[in-house]
Each structure stands twice: as C-alpha cells, then as structure tokens.
Amino acid sequence: MSRILASPGSQTMTEFCEQVNPRVLLEMRRAHPFPEMQRVQQSWVAAHEKRALLWLAARTPRWIGPDHLTALGLAAQLAAGACYMLAGRNRYALLGVIFCLASNWLGDSLDGTLARARQQLRPRYGFYVDHMVDSFGALALMGGLALSGYMHPWIATGLLVAFLMLSIQSYLATHALGEFRLSFWRFGPTELRILLAVGNLALLWKPQVHFLGEYYKLFDLGGTIGLAGMALMVVFFTAQNTVRLYREERISGEKVADARTAEKSIAK
C-alpha cells in the first residue's frame, strides 16, 4: 500500500500524522508554530483580576518563575481535596479548603501573566501543561468532595465529568476556531472559586437546607444545580460552535459536482 508523504509545508492533520521522518515533523513545527489564539475572557471579575495579576507580576521576585506558580496551583488543589477528606472528621478543615483555593488562584492565574510580562512565552508547553494540571486538580478536588460526606459521590463524579466535557469542548474550539474561551456566561474559574469558598463558609454554619418541603445536604443541592448548569453549557456551546463551523465550511454546489465526477471516475 502506498503512503503519501507530505512536504514540510503541509498543514493537514492527516498528512502531519503520517510522517515517519522526525526531521520532517521538526521542520513542519518550525514553519508553522503554535497558532495565535484569541483568549475570550468575559467573566464578572475579569477586569479587576487582570489589574491585580499585572500588579503581582511586576512585584514577583525574579527567582520565582511561571513553572513554580503552576506547581503551586496544582499543590494547592491537591491540598484542597485532602482538606475536604479531613473535613469529614473535622469540619474546620473546610477553612483550609478556602486557603487552598486562594493559593490555587494565585498559582493558576499568575503563571501565564508572569510569562507574558517577562516575555518568556512557551505557547505549546504552557497550554498543554496548564490544562493537564487543571484536569488532575479537578480530579483531586472532586475526589475529596466525594469522600468528605458533604456531597454524594455520584454528584461529585457528575461534576467532574461535566468539567472534563466542558474542557474538551473548549480545547476543540481552540483548535477549530482559534478561540480559547476562559469563561462561560460570565462565569470563569475565579467566580467558581469564590462560590466554592462562600459555600464552605455556609457549610460550616448550616450543612443542610430545606428545599421544596425536604431537607438536603447543602452541597448536594448546590452540586446538582451546578451540574445542570455545566451540562447546559456543554450542549449550548457545542451546538453554537457546530453551527458556526458548518456555516464557515459550507460545501458549494460546484464542490459537490466535482466530488460526484471524481466518484464516477473511480468507479470506472
């Protein structure tokens, strides 16, 4: 069976994946580096957050680099999951979760700002590492909640699945549309951290709530509402991006005619 080998200037994914020569892959990456993407950040606190991050980046010691902050963000989220597990025995560990969420915000939000401020951008490395760290962090956080006794394990699992589905949708849109969406319907990671921190304080005060004539765990009710909202976001943005891509890549009548002619030629 013959194999089609692409030139270094090829851009299609099929041609790229069929390369057997590592040197060709390297030349292709050099000729076509990681494309510029438009960052879509329209959350409630985005403007204030950006000013705060720029202020912090200008005052961060030189010996602290973006990788240190990325590691801090991951460690903080792992610690938050551990605090949730401990909260099953001592509810005051919920205060530790709030501290960990603040540390996670610092590391996860400041690493990219610091890299841009110091002109130390590594787009492919940063994009890959940052979002794999987010995935591991979400697993730790939801795992801790599932083991805490404050949230039913199935609801925590559903939230993790919804988060990963929303992330997959965002990453695919980044590749297909050149837009990396950091917020959905004015909600971004910072707003979610704030809501979770407030929820922890409420949990210390009142772990159960009365709703529609029944008593439920506070985090079961909040988690169910959050799960429904995230599921709706996945469906909405998937449909929106599908329609947009369909309109941008319409198949004209001329192309259809050419395709039919080609099929007839092959059949002969």
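1. Disulfides: there are zero in this structure, which, keep in mind, is a predicted model. Cysteine 83 is in no disulfide, and the nearest cysteine sulfur, that of cysteine 100, sits 4.3 Å away. That is too far for a bond, because a disulfide needs the two sulfur atoms within 2.5 Å.

2. Are those two cysteines buried or exposed? Cysteine 83 is buried, at 16% relative accessible area, and cysteine 100 also counts as buried, at 9%.

3. On to the rings: searching the whole structure turns up two aromatic pairs. In one of them, phenylalanine 127 and tyrosine 171 have ring centres 6.0 Å apart and planes at 75 degrees, so this pair is edge-to-face. It ties together distant parts of the chain, with phenylalanine 127 in helix α6 (residues 123-148) and tyrosine 171 in helix α7 (residues 153-177), 44 residues apart. Tyrosine 171 is partly exposed, with a relative accessible area of 25%.

4. Phenylalanine 236 and phenylalanine 237 also make an edge-to-face pair, at 5.1 Å centre to centre and 90 degrees between the planes. Phenylalanine 236 is partly exposed at 38% relative accessible area, whereas phenylalanine 237 is buried at 4%.

5. Now helix α9 (residues 218-248).

6. Which residues of α9 are buried? The list includes Leu218, Phe219, Asp220 and Gly223, then Met230, Met233, Val234, Phe237 and Asn241. As a reminder, an α-helix has 3.6 residues a turn, so residues three or four places apart point the same way.

Conventions
Residues numbered from 1 in each chain as written. Predicted model: local features only at pLDDT ≥ 70, side-chain atom pairs only at ≥ 80, totals over all residues. Heavy atoms only, no water. Phe/Tyr/Trp six-rings, centres within 6.5 Å; stacked < 30°, edge-to-face > 60°. Helix = DSSP H or I, 4+ residues; strand = E, 2+ residues; numbered from the N terminus. Buried < 20%, exposed > 50% of the residue type's maximum accessible area, 1.4 Å probe, protein only.
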